Amino acid sequence: MIALAIAALLGGGFLAPAASAREGRGDAAGSAAQSPATGVNAKDLKGWAAAQRSADRERRAEMAGRHTGEKRTSTHIRQALRAAGPRANRAPRAPEPGQAKTLVLYDTAGPYGHLGELYAMGVANLGGHFGTVTTKPVQEYTPGLLESYDATVYIGSTYYGDEIPDAIPEDFYLDTLLSERPVTWIGENIWNMANSVSLQEFAYRYGWDPTSSFYDVDGSVGQITKVNYKGQELTRKIPAGQDPGVLHPHITPGGDNAAVTELAQAVDTAGGAEKNSPWAIRSGNLTYVGEIPFTYVSESDRVIAFQDLLFDALAPDTAEQHRAMVRLEDITPLSDTTSLRAIADYLKSKNIAYGINVIPVYSDPKGVQNNGVPRTVRLSQRPALVNTLKYMLSNGAVLMDHGYTHQYGNVDNPYNGLTADDFEFFRAHVDATDTVVYDGPAAEDSAEWAQERVTAALAEFARVSLPTPKLWTTPHYAASATDYKVFAQNFAARMERPLYFSGTLSGTPTDSSRYLGQFFPYPVNDVYGTKVLPENLGSYEPEAHNNNPPRLAADLINNAKANLAVRDGFASFYYHPYQPVEPLKETVEGILALGYTFVSPESLI
């Protein structure tokens with residue numbers, strides 16, 4: 001049971017890892033969970049949302065007391081505009097494929113300043129699909145810096161106002177206005193730019209008025225439950241009381257103001273009647289996204305729109321194509337060879353290459369499934385299984401390493417100590433609400449400890465003459481930053497949903513209690529400097545576990561449909577081979593019917 005799919009985090013979270021669920025079967029039974037486990041404290045997100053709504057109300061009140069008819073341009077701005085000269089023919093060339101340079105700027109100020117780094121890692125990881133990425137706290141911006149990059153992304157997560165002074169340098173506001181380089185602005189503080197460069201110049205350049213744009217309408221942020229983008233209806237599920245809202249841009253057409261293109265629409269379903277408003281807009285060099293899309297996400301979430309919008313700035317000539325991948329999960333020395341061959345024969349009949357995630361050593365240290373007698377079984381003790389694995393490899397499969405024992409010592413972590421039920425590189429427990437809670441890295445966690453486990457796993461594969469795996473999937477998708485770097489030294493890529501810890505960008509000691517879990521619609525080079533292949537659909541899970549609903553074949557197909565919005569995206573899922581073949585057939589054929597083409601995971605290395 002891989003038990004870690006990222007989902008709509010009902011208890012308070014980001015793109016975050018979900019926790020494991022179990023049936024207590026040593027052959028790796030269990031569910032890909034969709035749980036509220038998150039590295040962001042629920043109080044943090046609730047407080048952050050409340051702070052944004054409060055600050056927005058205060059700004060609205062201040063605006064109501066101002067004379068808004070005055071439009072003036074400061075001497076500093078006028079001089080800069082004259083010096084810049086006409087913009088004609090100054091548009092930069094699109095970067096070469098895979099060579100884009102992205103600058104990511106983020107906030108660090110205020111009581112929730114630590115969220116900025118987590119969001120920035122989310123953007124930086126996606127930017128790693130297109131080329132290299134540089135990240136900086138926004139206050140470190142220097143004049144002209146954005147001209148050194150193909151595109152810049154600013155994540156506004158701290159609402160600057162009366163209580164928190166604006167940390168954004170005026171030079172960034174001015175450079176954005178004067179440049180032809182693409183700038184994507186996410187979330188807060190766009191109104192401060194308009195006030196800095198003058199509303200007159202902002203409206204002329206971009207065609208809308210951020211100073212009279214707010215998150216709430218009629219005293220409420222509403223119930224925005226969907227985002228429409230490129231013909232796909234994407235979900236937006238945020239718990240009551242934790243929604244900071246989506247900015248409603250006040251577009252000011254006519255006169256000399258620039259035209260505004262609406263890229264995606266937010267759908268407010270409060271009261272049962274749908275009301276649409278812009279979710280993302282573009283004019284000139286500026287793309288504005290009305291919220292930070294990394295909170296409370298699922299596989300069909302509006303974050304998909306943001307993942308695709310990056311192509312416009314970083315790879316605008318990308319051709320439309322849609323690829324799919326599947327891997328068989330949690331194969332242990334106790335796995336049933338008949339089931340494996342049946343699945344292998346089906347996938348071969350469809351000419352589908354696939355991955356096989358193998359755990360080379362099965363461990364039941366407490367005898368949970370052996371009448372209280374501890375038991376360890378190695379691949380070398382299962383020649384029939386090894387023969388079946390070789391059969392699969394000769395018929396389209398590629399070998400992947402899924403840990404050494406996929407469990408931790410002789411303790412419940414969090415369930416029973418069984419291989420494939422428990423975490424291997426991270427500690428966890430189940431709380432009173434039947435939710436899996438992450439406790440942090442193992443006590444002995446170190447590069448040496450992680451390497452010992454990887455070396456032992458590779459030795460088991462070599463002992464039975466299986467090829468050295470090029471791909472790795474972290475057990476239950478949870479490890480420390482140290483462990484991820486060890487995996488990168490041993491494998492060409494990981495195929496999973498990683499954790500990214502606070503401190504990674506700043507170079508300070510990582511904080512294992514604050515992290516971003518993330519899944520990707522395309523391969524990326526992440527902030528650890530490693531390649532990660534997508535797994536963005538989850539897995540077939542017919543039963544509910546740990547407060548997580550079932551996920552059926554129809555759900556996986558629906559998730560794949562939503563991801564058609566990504567112009568060069570993937571539909572990647574995993575399947576437990578102890579499940580019947582029929583749901584796999586339904587899923588594969590449903591994804592094929594959407595126009596996806598299955599490829600081998602190794603083809604992306």
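Predicted model: local features only at pLDDT ≥ 70, side-chain atom pairs only at ≥ 80, totals over all residues.

**Helix pairs and buried sites**

Reader: At what angle do the axes of helix α5 and helix α6 cross?
Author: Helices (H or I, at least four residues) and strands (E, at least two) are DSSP runs numbered from the N terminus, and axes are lines fitted to C-alpha atoms, for helices over the stretch in contact, with angles from 0 to 180 degrees between N-to-C directions. The axes of α5 (residues 190–197) and α6 (residues 199–206) come within 6 Å, and they cross at roughly 115 degrees.

Reader: Is that pair roughly parallel or roughly perpendicular, and which residues make the contact?
Author: Angles under 35 degrees count as roughly parallel, over 145 as roughly antiparallel, 65 to 115 as roughly perpendicular and the rest as oblique. The two helices are therefore roughly perpendicular to each other. The contact (heavy atoms within 4.5 Å) is made by Ile190, Met193, Ala194 and Val197 of α5 and, on the α6 side, by Leu199, Glu201, Phe202 and Tyr206.

Reader: How do helix α10 and helix α11 pack, and is their crossing left-handed or right-handed?
Author: Helix α10 (residues 447–463) packs on helix α11 (residues 481–490) at an angle of about 40 degrees, with the axes 9 Å apart. That makes α10 oblique to α11. A crossing is left-handed if the near helix is turned anticlockwise from the far one by less than a right angle, and right-handed if clockwise; the crossing of α10 and α11 is right-handed.

Reader: Which residues of α10 and α11 meet, and how do they divide by type?
Author: From α10, Ala447, Trp449, Ala450, Gln451, Val454 and Leu458 meet Thr482, Asp483, Val486, Phe487, Gln489 and Asn490 of α11. By type, where Ala, Val, Leu, Ile, Met, Phe, Trp, Tyr, Cys and Pro count as nonpolar, Asp, Glu, Lys and Arg as charged, and the others, Gly among them, as polar, the residues of this contact divide into seven nonpolar, four polar and one charged.

Reader: How many of the residues of helix α3 are buried?
Author: Helix α3 (residues 114–127) has 14 residues and reaches 21 Å from its first C-alpha to its last, close to the 20 Å expected, the expected span being 1.5 Å times one less than the number of residues. Buried means under 20% relative accessible area, exposed over 50% and partly exposed in between, with a 1.4 Å probe and protein chains only. The helix is largely enclosed by the rest of the structure, because the buried residues number 14 of 14.

Reader: How far apart are the end C-alpha atoms of helix α7, which is mostly covered?
Author: In α7, 11 of the 12 residues are buried, among them Val303, Phe306, Asp308 and Leu314. At 1.5 Å a residue, helix α7 (residues 303–314) should span 16 Å, which agrees with a separation of its end C-alpha atoms of 17 Å.

Reader: What C-alpha separation is there between Tyr106 and Ile186?
Author: Tyr106 is found in strand β3 (residues 100–106) and counts as buried at 4% relative accessibility. Tyr106 and Ile186 are 80 residues apart along the chain, and their C-alpha atoms are separated by 9.9 Å.

Reader: Where is the cis peptide bond that involves Pro414, and what is its omega?
Author: Pro414 has its place in the loop between β18 (397–401) and β19 (426–430). The cis bond joins Asn413 and Pro414, and omega is about 5 degrees.

Reader: What is the phi of His476, and what is the phi of Asn546?
Author: His476 is found in the loop between β21 (471–472) and α11 and is buried, with a relative accessible area of 0%. Asn546 is found in the loop between β27 (538–539) and α12 (553–562) and is buried at 7%. Neither is a glycine, yet phi is positive in His476, near 55 degrees, and in Asn546, about 45 degrees.

Definitions and conventions:
Residues numbered from 1 in each chain as written. Heavy atoms only, no water.
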